[in-house]
Amino acid sequence: MNKNWIGMAGVAAAAVMMTGCATTPTVREVALDRAPITSKLEPQDVRRTVEKMAESLLSAPGVREAVGNTRPVLDVEPLKNRTTQHVDMVSITDSLRMQLLRSGLFRFVDKSTSGTDIEFMDSQANLGLTDQRKAIKPGQQSAAQMYLTGALTEIKNQVGRTVDQYYKFSMILKDLRSGELVWADEQEIRKESVKPRVGF
Amino acid sequence: MKRINGLLGAVALAAGLTALTGCVETAGTVVTTDHTTGSTVVLEDSTRLRGQVQVMKVNYDEVNGLKRVHITLASTRHRRLRLHYRIIWFDANGMELDPDTKTYRTLILEGRDAVTVTGVANSTAGVTSKLRVRDLEAAD
């Protein structure tokens with residue numbers, strides 16, 4: 001009787017251990033706002049920053065004063081990355097531009113795609129495929145009246161097994177004609193990670 | 001025989017505890033404010049969170065043509081609380097606006113302290129706001 005029980009327990013234990021021998025990793029979708037897993041900059045930090053910056057800019061009294069009843073043309077310059085990490089700054093400014101575009105407060109131009117604009121206009125003018133009455137001629141594009149730019153900085157400290165990481169996103173909105181800063185804000189993020197005493 | 005029963009009991013207890021680690025409550029407190037009528041509804045779906053955080057005050061205004069809501073949350077505990085909150089917006093037809101752009105933000109609430117959280121609709125179509133507060137452990 002006892003031997004049977006012990007045998008069954010042995011089989012069960014072996015079966016449980018074998019489940020760890022699968023070669024394919026387990027993959028599942030997780031929420032966009034997941035809990036932090038490292039002290040580095042993570043997608044949820046970027047999402048929070050973009051949301052905060054968009055809300056701050058849209059609700060700033062100085063912005064309404066500068067914008068008035070017009071919809072000024074705005075360009076968004078990629079943020080400068082002054083950290084030691086690789087962060088896709090263009091992706092951050094793309095997200096911010098998307099949120100501001102939905103507010104209807106601004107019109108946008110994109111300097112980064114000007115090269116493609118020239119290629120299109122050049123091919124329309126020179127390849128002989130386009131009806132020249134319908135071809136888009138250079139020199140008609142809107143000019144940016146304001147631009148949005150900023151920087152990401154970090155301070156990292158390590159004491160023993162504890163890593164303290166601080167990030168700061170700073171952004172400004174500048175009026176190109178007057179040179180005045182219409183809006184400025186910053187978002188701070190501080191994370192701490194503690195390495196395990198024993199690990200490989 | 002007694003030893004085997006004891007062993008089986010221990011195995012069952014371990015299996016039960018393992019199964020329970022996945023049981024994190026993700027329900028929380030929801031504050032819905034209709035900015036056209038001014039009505040506010042507070043739903044406290046988590047008994048645990050209800051005992052930790054209270055909704056003290058709800059104010060709303062308009063800035064640059066966009067609706068804005070301010071909600072004051074107060075801790076009823078003496079220790080530090082780590083929470084997540086998110087404010088989402090709905091249009092006049094009850095459709096959620098840009099659901100993927102409104103993120104959960106971290107709120108660290110000191111003992112017996114009160115903090116006001118603010119949300120701005122990023123479109124003039126937003127007329128109803130919904131604040132959702134959850135325990136930090138509810139995050140994946």
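Let's start at A:Ile37, which sits in the loop between H1 and H2 of chain A. Remember that this is a predicted model.

Okay, zooming out to chain A as a whole. You've got five helices and six strands there. Reading from the N terminus, the order goes α-α-α-β-β-α-β-α-β-β-β. Now the overall dimensions. The radius of gyration of chain A is 27 Å, whereas a compact globule of 200 residues would come out near 16 Å. The C-alpha trace spans about 95 × 50 × 30 Å along the principal axes of chain A. As for burial, 20% of the 200 residues of chain A count as buried. And if you take the contacts in chain A between residues at least 6 apart in sequence, 65% of them join residues at least 24 apart.

Next, the strands of chain A. Strand E1, residues 73–76, runs parallel to strand E3, residues 107–109, and three bridges join the two in chain A. Which residue of E3(A) is the bridge partner of A:Leu74? That's A:Phe108. E1(A) also pairs with strand E4 of chain A, residues 146–159, again in the parallel sense and over three bridges. There, A:Val76 has A:Leu148 of E4(A) standing opposite.

Leave aside the neighbours within four places in sequence, and A:Leu96 is in contact with A:Val50, A:Met53, A:Ala54 and A:Val76. On the general side, nonpolar side chains tend to be buried together in soluble globular proteins. Here the largest nonpolar core has 43 residues, and the ones touching the most other members are A:Ala54, A:Leu57, A:Leu96 and A:Leu173.

Of the 140 residues in chain B, 23% count as buried. For contacts in chain B between residues at least 6 apart in sequence, 65% join residues at least 24 apart.

There's an open sheet in chain B, three strands in the order E3-E4-E7, with antiparallel pairing. Why does one side of E3 and of E7 in chain B have no neighbour in the sheet? Strand E3 (53–63) and strand E7 (114–120) stand at the edges with a single partner strand each, so one side of each stays without a neighbour. On average, and ignoring direction, neighbouring strands of this sheet are turned by 20 degrees against each other. Strand E4 of chain B, residues 66–75, pairs with E7(B) in the antiparallel sense over seven bridges. In E7(B), the residue opposite B:Ile71 is B:Val117.

The other strand to look at is E8 of chain B, residues 128–135. E8(B) is mostly covered, with six of its eight residues buried. Which strands pair with E8(B)? One is strand E1 of chain B, residues 29–34, antiparallel over six bridges; B:Val30 has B:Arg132 in E8(B) as bridge partner. Another is strand E5 of chain B, residues 81–90, antiparallel to E8(B) over eight bridges. From that pairing, B:Trp89 has B:Ser129 in E8(B) as bridge partner.

Last stop, where the two chains touch. In total, 22 residues of chain A are in contact with 18 residues of chain B. On the chain A side, helix H1 (2–18), helix H2 (43–59), helix H3 (61–67) and helix H4 (89–103) each supply at least two residues. Which element gives the largest share of that side? H2(A) does, with eight residues. By residue type, the side of chain A that touches chain B divides into eight nonpolar, six polar and eight charged.

That's my tour, so over to you for questions.

Note on methods. Residues numbered from 1 in each chain as written. Chains lettered and ligands numbered in written order. Predicted model: local features only at pLDDT ≥ 70, side-chain atom pairs only at ≥ 80, totals over all residues. Helix = DSSP H or I, 4+ residues; strand = E, 2+ residues; numbered from the N terminus. Rg over C-alpha atoms; globule rule 2.2 N^0.38 Å. Buried ≥ 20, exposed ≤ 12 C-beta atoms within 10 Å, placed from the backbone. Contact = placed C-beta atoms within 7 Å. Pairing = 2+ DSSP bridges. Axes fitted to C-alpha atoms, helices over the stretch in contact; angles between N-to-C directions. Nonpolar A, V, L, I, M, F, W, Y, C, P; charged D, E, K, R; others polar. Core = buried A, V, L, I, M, F, W, Y, C linked by C-beta atoms within 7 Å.
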